[in-house]
Protein chains: 2
Amino acid sequence: MTQFIHPAKEDITLTGVLNALGDPVRMNILKAMMKNDGCMSCSEASPCTSIPKSTLSHHFRVLRESGLIRTTKQGVEHRNVNRTDDINARFPGLLKLIVTLVEAEVS
Amino acid sequence: MTQFIHPAKEDITLTGVLNALGDPVRMNILKAMMKNDGCMSCSEASPCTSIPKSTLSHHFRVLRESGLIRTTKQGVEHRNVNRTDDINARFPGLLKLIVTLVEAEVS
């Protein structure tokens, strides 16, 4: 059975979160998940269909182990939700600022 | 002769900066440099004397190539300065928030 590792809220580190977001693919996954504000499968949240499944799994693992998302198994699918409340509690203002800066950078 | 690669201000990316700061050693180097607010050699800015020189060089290269610092060679030493103005122009509020969050996390 697949076991997912999620850090407790108090174990989420700033450098871990920055490292997770320091990659364009992972940043796009998180952006998609924040816009959706719900539960997404890995493929739904993927920024591009051409990313190999193993690469996508790696990116979701980094996001999960940094504390940014929570994954559960539902049937054959992995469903992912943002841990926005935990991140906001640990690092107030960080996610909001990063999303604002990403939008400004793209536009 | 050593050539240092520095991105132009407009080529500095958010994910590059977050990736550079997503490591405890590099975060500590930047903290030391921001406190000093001047020019520091690699060893002066190092958080720990036991870090091998090659590892330290790698960390300074990541910081430099992300756009966070500028390095020049002075005699046998590499001198480093923050590119705070460039980062603040590209990503307003980011450095200030990160430094605040780092201080809060440590205390």
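Two strands count as paired if DSSP finds at least two bridges between them. Strands themselves are DSSP runs (E, at least two residues), as helices are (H or I, at least four), and both are numbered from the N terminus.

This is a predicted model, where local features need pLDDT of at least 70, side-chain atom pairs count only at pLDDT 80 or more, and totals for chains, interfaces and linings use all residues. Residues are numbered from 1 along each chain as its sequence is written, chains are lettered from A and ligands numbered from 1 in the order in which they are written, and side-chain values use heavy atoms, leaving out hydrogens and water.

Let's start with the sheet in chain A. Its three strands sit in the order β1-β3-β2, open and antiparallel. β1 (40-41) and β2 (69-74) of chain A are at the edges with a single partner strand each, so one side of each has no neighbour in the sheet. Six antiparallel bridges link β2(A) with β3 (residues 77-82) of chain A, and Thr71(A) has Asn80(A) in β3(A) as its bridge partner.

Now for the cysteines. The whole structure has zero disulfides over all chains (a disulfide being two cysteine sulfur atoms within 2.5 Å).

Over in chain B, Ser66(B) belongs to helix α4 (residues 53-66) and is buried, at 6% relative accessible area.

Terms used. Buried means under 20% relative accessible area, exposed over 50%, partly exposed in between (1.4 Å probe, protein chains only).
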